[in-house]
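Subject: Structure for you to look at

Hello,

Here is the structure I promised to pass on. Please open it and keep it beside this email as you read.

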Amino acid sequence: MITYKNNIFHIQGKGFSSLMRINKYGQLEQLHFGEEVEMEDVQALEYHTGLGWGSSILLDDNDLASCPDVIPYVWSENGRGDYRESPLEIGKSMEFKYKCHKIYKGVAPIKCALPQAKGECDTLEIHMSQNGLLLKLYFSVFDGVLTRRAVLTNIGKETVEIQKIMSFMMDIYGDYEATTFHGSWIAEMRDSKQVAQGGRIVNESLTGFSSNQHHPGFLVSEPEATEEYGRVYGINLIYSGNHYASIQKSYQGLTRIMQGISPNNFSKKLQLKESFETPEAVICFSDKGFGGMSEKMHAFVNRYIIPEYWQGRERPVLYNSWEGCMFDFDQRRLLGLAKTAKDLGCEMFVLDDGWFGKRNDDKAGLGDYNINKKKLPQGMNGFADKIHALGLQFGLWFEPESVNMDSDLYRAHPDWALTDEFTPVLGRHQLLLDLTKQEVRDYIVENVGKVLDSANINYVKWDMNRHSIALGTKAHDYILGLYDVQRRVFEPRPHILLENCASGGNRFDLGMLCMGPQIWCSDDTDPIERLTIQGNLSYLYPQSTYGTHVSAAPHAQTLRVTPLATRGNVSFFGCLGYELDLKHLLSLEKEEIKAQIAFYKKYRMVFQYGSFKRLKNGWQVKKDGTAIAGVFRGQVAAAPGYEVLRMKDLDKKKQYSFVNREQKLRVGQFGALIKHVVPVNLNPNGAILRTADRKITMGDGKQELKASGAALMSGIRLLPIFQGTGYDKNQRTLTDFGSEVFVAEEVL
Ligand code: GLA
């Protein structure tokens, strides 16, 4: 709800309030952004400037309360006494004054190709103006989340050059810490926490994309905030290009937060009557800790960001050919894999890189769309039909934004590649295509569309495997071009499940999620690494938005050996897939995968759409009366003590059945110990035990009981863990990186 009275705006959503005031100088003050309050609370939330601040500037020499450097603003001026960072720079000072406002139902009108949140909302549009410039500030309330954006229009007589324009800024009271997420290829979403105090914390990407280096979403929280308590702001941008955010605490104790397109190498000339629209920023406040914030953010993304067709829709369990085959396949090999995938319970077969042009490694072929008939003699249509005949859906990989210099496309149109005047710099042996050019966009739309219409294709993995180069405003125009292309390809084909990807999570952002509901969050499928990647993504994104695949061990990137059970258990908490060579799996591994897939399918909606909680030792998802907890361990400790699982968010009074998912033990994991339990003295490296390891599994501790929600939340005492004193079915035998999954279901 948005109300206006006596120069005060009150924006109210589920669990938050924003109070803004037009002051006597026509500026917009941020009196409060946080817990739900009433409009009448203005008196309590008013700031008090006292009797002046020494060398500071006053807007009115006779008004000691008019010092811009200490006023909490919704949008600050520039060059007129507020020396904190300004959200707008045009090379001269500015003095925007309130002009008028409108309150209406529905989203802000936006003309450019930028994506935005969609659905029911209330919007406040405030117009601020100064000589020759009109600044429109938009505030939309979607349930528990506020979105903001700014649009600047040249209404004067001269061209104006924008050097920097943020989507939003706000000043809030208190001490805060900023959690940002950094990384690189196969190491996305590493969290870093900094205290806001003197100086500025900056989170900015310069690669041309939202990037794996500096994720656009970040958290601002009170130092004492926990998962359940304390004030937390989750902030994100619906944008896939270079982004910028800063958190700056002033000496007086106000924290200024802003976010928008990175001003680095940015400049935009506004001709007369021209406007520049900034991407929409998302601000999610909760006084119920990180957990309260993520719950609202998840609901927002599931309901207002991802394309309508995919909202709440089950995602298939897929098999992807990449890690198993890379470029080395032909139809026979693929069909063999597809048949096994089907037997295991997979529902979709995805053919990854290598099906077109001269693409036998990553040095050639990108840009071409002709199907490699040596690999797929019956063409895409023939191959897709064979996959469907096995009872599987079919998905296909594309990398349409890129071109190899060794490709027919590059030979025909070298000028379509995005370069500067120097020797081209390649990334993964490729250049990007210049999506700012209409003919390039048309080429992609036409050719991707042709392939999609030539066969029965249910899913597309849209990849992009390099960073861009600094191209000034072209960097932003590229992103607008990308949105245009994806819209033109997928809006007419809404039933195709689009999973975006960029070397894994090099473009994991809300902009891409507006285009397609899923993103491949990392090429790193090591489950222990995924605990960090998926765990940190969970602050800002629901499980339905990321693909989570089981791959081989030792892992391709870390060489870490992890139990197959753990690879499954971690991948359950997302959109499950398998990505390893199935041909050489032992039959006991196949049995285990079958059981994993059957379990996931039974609880798929809980895993993909259930409310997600971070537990002390794992994760929990819950939907209706079913809660599932994953408990993950690092290294095993000798003589392990008691272990307690505290579930969350159950009904205290209700009874639940509680059971762990059955997991099997391999004989080989006991090594030389096995000779103590069999009558003959067997060689631990001998043929008998090696064969037994491949054929025989042993049961592991099963804990099955009924308990009240109160008991499960207070902490269920888990079965004891193996400690070398003997094997017993009533204990749990966990090796390094072991894990378990527990299901609590309401008893009706
Ligand atoms: C990128 C993707 C991978 C795979 C390869 C294919 O690295 O992230 O998942 O599709 O490209 O070349």
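Below is what was found in it, topic by topic.

This is a predicted model, where local features need pLDDT of at least 70, side-chain atom pairs count only at pLDDT 80 or more, and totals for chains, interfaces and linings use all residues. Residues are numbered from 1 along each chain as its sequence is written, and side-chain values use heavy atoms, with hydrogens and water left out.

Aromatic rings

A pair of aromatic rings is described by the distance of the centres and the angle of the planes. Rings of Phe, Tyr and Trp (its six-membered ring) pair if their centres lie within 6.5 Å; planes under 30 degrees apart are stacked, over 60 edge-to-face, and the rest tilted. The count by this rule is 38 aromatic pairs. Take F573 and W619: their ring centres are 5.5 Å apart and the planes are at 70°, so this pair is edge-to-face. F573 sits in the loop between α11 (564-571) and β31 (575-578), and W619 in strand β33 (residues 618-623), so the pair ties together parts that are 46 residues apart in sequence. Helices (H or I, at least four residues) and strands (E, at least two) are DSSP runs, numbered from the N terminus.

F573 is buried, at 0% relative accessible area. W619 is buried too, at 5%. Buried means under 20% relative accessible area, exposed over 50%, and partly exposed in between (1.4 Å probe, protein chains only). Both residues belong to one aromatic cluster, which also includes F572, F599 and Y600.

Salt bridges

Side chains of opposite charge can pair when their charged atoms come close. A salt bridge is a side-chain nitrogen of Lys or Arg within 4 Å of a carboxyl oxygen of Asp or Glu. The whole structure has 58 salt bridges. One of them joins the side chains of E227 and R614 (2.9 Å, N to O). E227 is in the loop between β15 and β16 (232-237) and R614 is in strand β32 (residues 611-615), so the pair ties together parts that are 387 residues apart in sequence. R614 is buried, with a relative accessible area of 8%.

R614 has a second contact. Its charged end sits over the ring of Y539, 3.8 Å from the centre. That wording requires NZ of Lys or CZ of Arg within 6 Å of the ring centre and within 35 degrees of the ring normal. R560 sits over the ring of F737 in this way, with its charged end 5.2 Å from the centre.

D693 and R666 also form a salt bridge, with their closest N and O atoms 3.1 Å apart. D693 lies in helix α14 and R666 in strand β37, so the pair ties together parts that are 27 residues apart in sequence. D693 is buried at 18%, while R666 is partly exposed at 26%. Elsewhere, salt bridges that share partners join D82, R84, D171 and R256 into one network.

Backbone

Most residues other than glycine have a negative phi, and most peptide bonds are trans. Where is the cis peptide bond with omega about 0°? It joins A553 and P554. P554 is in the loop between β30 (546-550) and α11. S211 has a positive phi, near 80°. S211 is buried, at 2% relative accessible area. D649 has a positive phi as well, near 65°. D649 is partly exposed, at 37%.

Best wishes
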